[in-house]
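I opened the model and kept notes on what I looked up, entry by entry. The entries follow the order in which I worked.

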Amino acid sequence: MAREEVAHLLRRAGFGPTAADLAKFDAVPVSAVIDYLVDYERQPDDVDSRIGQIDHVNVTTRGGEFSPNTDIEDARQRWLFRMVHSQRPLQEKMALFWHNHFATGYSKIAGAFGTIHGTKMMALKQGELPGLPGQIELFRRFALGNFRNLLIEVARDPAMLVWLDGRQNVRAQPQENFAREIMELFTWGVGHYTEQDVYAAARVFTGWNLRNATGGLFTNPNTYYEFAYNPGQHDTTAKTFTFPIYSDGNRTIPARSASDGMQDGIDFITALAQHPETARRLARKLWNFFVSELETPDPAFVEAVAAEYLRNGTEMKPVVRFILQSEWFSDSDRWHARYSWPAEFVVRAIREIGWSGFSVDAARTPLSNMGQTLFEPPNVAGWQLGAAWFSTSAMLARMNFASTLAANQRFNLARSATSLGATPEALLEFFMFERLSPAQFDRQPYNELLTYLTAGEPWTGSEAQIGTKTVGLVRLIVGAAEYQFV
């Protein structure tokens with residue numbers, strides 16, 4: 001059972017187990033695996049330095065240069081590479097969670113500032129070019145950090161300032177987009193604010209703008225843009241809300257001088273982050289992300305997780321640790337009870353099937369066909385999750401990717417099973433329970449897989465027969481409904 005629990009942990013808090021992972025954690029208490037995942041800062045963050053190593057999944061260069069800081073397609077490859085190989089899988093998993101929570105689309109940013117700076121704002125790794133780290137680096141840094149501080153950084157993030165028009169938020173014409181979404185989508189949700197609150201919040205953020213820090217052309221990769229508080233464009237008057245801003249129940253942010261006006265936004269964000277409804281909304285989203293999408297969140301879970309969040313001053317690490325240690329998470333009835341996102345499906349398939357000679361570039365178009373293009377959520381609400389991932393065309397894209405990857409890895413797959421194919425049942429058991437990690441197959445589809453293996457010539461378990469059958473078997477398992485859950 002411990003092996004199955006570890007596989008469950010690595011699917012939910014990472015991107016699925018490899019054989020090496022399962023060997024590493026063999027006979028290790030589940031609690032120690034949770035510590036490994038949650039306390040990821042103890043593990044090296046060296047994954048980018050391994051791009052190009054022969055024993056890792058490949059990336060594809062264009063014109064001889066791999067440039068993930070200035071080319072969005074290469075940035076997508078780098079993030080997929082990280083998901084496959086990071087020794088900090090929960091960090092990448094939470095970065096994906098925040099990427100959907102604070103959904104920001106590359107195309108609008110590139111349309112305003114060009115493809116180079118669109119990529120830099122979304123994906124720049126600090127120190128590799130002049131400028132602030134890209135938004136995804138912010139999400140990696142705050143993956144299990146303080147949510148209130150993350151909200152403040154998101155409000156100052158150049159990509160978000162372009163995406164929700166904060167760069168145009170000035171005193172004479174307050175821009176309401178970010179003000180609305182920080183309440184509706186980023187914190188406590190619909191039903192807890194009024195249009196009066198939206199207008200007041202827009203005034204809070206007047207002057208939270210963007211500037212060209214170097215004065216260079218936007219076609220120059222050494223140019224960069226940064227947050228700038230413009231006191232001359234801040235509305236210095238008092239802002240009153242329909243809900244408390246301060247712990248004493250006061251609903252009004254006081255009038256302040258222009259030079260002190262940034263405190264308005266910090267006070268407002270703090271009030272939202274520390275509100276019990278924000279805690280509950282995050283708890284419900286974390287239930288769907290870590291526990292189950294097949295049942296509504298248990299009210300006891302929501303209250304327990306919200307209490308953990310508030311007790312720890314909006315720190316996310318103790319919240320996620322609490323979830324992974326909870327009976328809700330470990331209940332085997334809830335294993336394989338969440339629909340895999342396309343990125344999760346692709347990365348898990350690569351990790352479980354193999355990657356020798358395979359490039360993550362080959363996953364980019366299939367991912368889009370499955371409904372998920374990294375750095376390009378469809379709107380500020382993010383992707384539609386759950387069963388919404390599974391249109392007919394999206395499921396066909398998953399099956400086709402499984403076929404492509406299995407064919408690419410056919411020799412390695414056959415070698416791994418050569419000594420395990422004495423019977424078709426033994427071969428099927430190996431791939432179902434050792435190499436891959438689908439949900440349990442019912443008897444009928446299980447028998448159909450056996451029928452595939454035994455069709456044609458009598459079973460001998462020869463190398464040639466295993467080599468012929470293995471590719472199709474893996475394709476059928478990974479393309480099956482049972483593999484689409486994590």
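**Entry 1: S86**

I began with S86 and skipped its neighbours within four places in sequence; the residues in contact with S86 are then V47, R50, F81 and E92. The model is a predicted one. I placed S86 in the loop between α4 and α5 (89-101). Its relative accessible area is 9%, under the 20% cut-off, so S86 counts as buried.

**Entry 2: D48**

I went on to D48, which sits in the loop between α3 (30-38) and α4 (72-85). Is D48 buried or exposed? D48 counts as buried because its relative accessibility is 14%, and the cut-off for buried is under 20%. Not counting residues up to four places away in sequence, I found D48 touching R78, R82 and K125.

**Entry 3: the nonpolar core**

I then looked up the largest nonpolar core, which has 150 residues. Which residues have the most contacts inside it? They are F268 and F290. Helix α13 (residues 276-291) gives the most to this core, namely eight residues. For F268 I listed the contacts, leaving aside neighbours within four places in sequence: I182, M183, A201, V204, F205, F241, F243, I245 and I253.

**Entry 4: aromatic pairs**

I noted a count of 31 aromatic pairs, and I looked at two of them in detail. A pair of aromatic rings is described by the distance of the centres and the angle of the planes.

For W188 and F243, the ring centres are 4.6 Å apart and the planes stand at 85°, so I logged the pair as edge-to-face; the cut-off for that label is over 60 degrees. W188 is in the loop between α10 (177-184) and α11 (195-204), and F243 is in the loop between β3 (239-240) and β4 (252-253), so the pair ties together parts 55 residues apart in sequence. Both W188 and F243 are buried. F243 is also one of the residues in contact with F268.

The second pair is F289 and W341, also edge-to-face, with 5.5 Å centre to centre and 65° between the planes. F289 belongs to helix α13, while W341 is in the loop between α16 (327-330) and α17, so this pair ties together parts 52 residues apart in sequence. I found F289 buried, and W341 as well.

**Entry 5: helix α19**

Helix α19 (residues 392-408) has 17 residues. From its first C-alpha to its last I read 24 Å, close to the 24 Å expected at 1.5 Å a residue. The buried residues of α19 are A394, M395, A397, R398, F401, A402, L405 and A406. Why do they lie on the same side of α19? They cover an arc of only 160° around the axis, which puts them on that same side. An α-helix has 3.6 residues a turn, so residues three or four places apart point the same way. The buried residues of α19 pack against α17 (342-353), α18 (361-370), α20 and α23 (463-478).

**Entry 6: R410**

I finished with R410, which lies in helix α20 (residues 410-417). R410 counts as partly exposed because its relative accessibility is 39%. The R410 side chain reaches the backbone oxygen of A407 at 2.7 Å. I also looked up R410 and F375, which are 35 residues apart along the chain; their C-alpha atoms are separated by 32 Å.

Definitions and conventions. Residues numbered from 1 in each chain as written. Predicted model: local features only at pLDDT ≥ 70, side-chain atom pairs only at ≥ 80, totals over all residues. Heavy atoms only, no water. Helix = DSSP H or I, 4+ residues; strand = E, 2+ residues; numbered from the N terminus. Buried < 20%, exposed > 50% of the residue type's maximum accessible area, 1.4 Å probe, protein only. Polar contact = N/O pair within 3.5 Å; in protein donor to acceptor, adjacent residues only side chain to side chain. Core = buried A, V, L, I, M, F, W, Y, C linked by side-chain atoms within 4.5 Å. Contact = heavy atoms within 4.5 Å. Expected span 1.5 Å × (residues − 1). Arc of directions from axis to C-beta. Phe/Tyr/Trp six-rings, centres within 6.5 Å; stacked < 30°, edge-to-face > 60°.
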